[in-house]
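Hi,

Here is the structure I said I'd pass along.

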Amino acid sequence: MKRLYGVILFLLFFISSLTNAQSNIVNDFMEALNVEQREKINLPFDDLNRETWHFLPAVSFAREGIALFELNEEQRLLAFKFLKNYLSETGYIKAKSIISLENVLAEISGDPVYRDPLKYYITIYGNPNKDNIWGWSFEGHHISLNFTISKDKTSFSPRFLGSNPATVKKGKRKGERVLNKEEDLAFELIYSMNDQQLKQTVFQTMPFKQIETVNKSKVEPLSPLGIKAKLLDKNQQSILVKLIEEYLATIPENLAKERMRAIKIVDFDDIHFGWAGSTNISKGHYYRIQGDTFLIEFDNTQNNANHVHTVWRDFKGDFGRDLIKEHYENSEHHKN
């Protein structure tokens with residue numbers, strides 16, 4: 001019975017009421033666009049680009065949709081209001097901070113064309129006002145946020161956030177670390193382990209150069225490497241929970257809490273926490289957290305371990321695949 005309850009809670013992770021306020025914000029944004037802009041931003045729900053994503057700068061990976069630089073100031077404010085309503089306050093602050101790091105990179109590189117905080121793209125798939133299922137994405141350098149909405153339910157994955165530099169080394173923002181908790185909590189967990197636990201956790205001495213799943217549209221569980229959560233003591237388990245919660249903190253708070261409850265019931269004992277690379281924060285390192293239903297990956301190897309990538313994947317729910325399946329199974333139109 002507990003397991004069934006956990007599965008129900010897991011499904012609740014994807015449930016988000018599309019309130020009248022949210023609906024109005026979508027409409028306000030769309031209505032602020034001219035005809036040409038609407039045509040550019042709006043693609044069919046079944047367009048192949050909906051499941052095509054990347055975290056490279058826009059110059060290196062072309063996106064569909066409309067870029068922030070193509071919007072006027074009023075439209076841009078509505079675009080960010082649109083984004084804010086699908087994230088938590090924490091998630092929104094992280095996203096805006098990552099975008100602002102483009103200014104830091106432009107100053108370092110002297111190339112404001114390649115490093116441009118306005119080269120982030122919004123694409124809407126389907127018709128939010130008419131379709132029972134639709135989606136949208138917000139994407140650019142080090143951000144890929146993908147949302148699929150089916151009536152009153154929302155999928156929030158895949159969810160990629162990165163930070164370059166991981167730590168700003170000089171200038172007015174010296175010392176800033178946008179994704180610090182994702183790194184610090186993991187090191188707190190590693191440093192709490194005894195020798196036997198470390199042997200189980202660190203599965204290779206060389207880090208991966210990149211998250212293993214990269215930008216794949218669909219992912220399957222990776223090798224279950226590392227230590228199982230049930231082999232950690234209570235304090236260590238508490239740290240692991242805080243680390244997972246930090247990744248969930250990007251999405252609306254009520255959904256984050258529901259998903260965490262589901263993970264504790266269904267996934268937790270069998271979650272694997274695996275580490276590759278150095279246990280010195282100044283050298284390249286990688287970790288992953290994998291349960292039955294989800295995968296988290298973190299790497300900090302590039303630029304002398306000062307360039308972070310993080311991702312959350314749902315094995316059955318990325319790009320709303322479970323919602324789409326449910327929609328087709330329950331729709332009278334498709335039944336007939």
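H6 crosses H8 in a left-handed way (left-handed if the near helix is turned anticlockwise from the far one by less than a right angle, right-handed if clockwise). Before I go on: this is a predicted model, so local features need pLDDT of at least 70 and side-chain atom pairs count only at pLDDT 80 or more, while totals for chains, interfaces and linings use all residues. Residues are numbered from 1 along each chain as its sequence is written, and side-chain values use heavy atoms, with hydrogens and water left out.

Back to the pair. H6 covers residues 180-191 and H8 covers residues 234-248; they pack at an angle of about 165°, axes 9 Å apart. That makes H6 roughly antiparallel to H8 (over 145 degrees counts as roughly antiparallel). Axes here are lines fitted to C-alpha atoms over the stretch in contact, and angles run from 0 to 180 degrees between N-to-C directions. Helices (H or I, at least four residues) and strands (E, at least two) are DSSP runs, numbered from the N terminus.

On the H6 side the contact (heavy atoms within 4.5 Å) is made by Lys181, Glu182, Leu185, Ala186, Glu188 and Leu189. H8 brings Gln236, Ile239, Leu240, Lys242, Leu243, Glu246 and Tyr247. By class that contact has seven nonpolar, one polar and five charged residues (Ala, Val, Leu, Ile, Met, Phe, Trp, Tyr, Cys and Pro are nonpolar, Asp, Glu, Lys and Arg charged, the others, Gly among them, polar).

Now the holes. There are four cavities of 30 Å³ or more. On a 1 Å grid over the protein atoms alone, a cavity is a set of points where a 1.4 Å probe fits but cannot get out, and lining residues have an atom within 4 Å of a point. Grid points are joined across faces, edges and corners, and a volume is the space filled by probe spheres set on the points.

The largest cavity is about 80 Å³. Its lining includes Glu182, Glu246 and Tyr247, and strand S7 (159-163), H8 and strand S13 (308-314) each give two or more residues. S13 has the largest share, with three. By class the lining has four nonpolar, two polar and four charged residues.

The second largest cavity comes to about 50 Å³. Among the residues lining it are Arg50, Tyr125, Trp136 and Phe319, and strands S4 (133-140) and S5 (143-150) each supply at least two.

Cheers

Technical notes:
Parallel < 35°, antiparallel > 145°, perpendicular 65-115°, else oblique. 1 Å grid on protein atoms, 1.4 Å probe; cavity = no way out; pocket = protein on both sides within 12 Å on 5 of 7 lines; lining within 4 Å.
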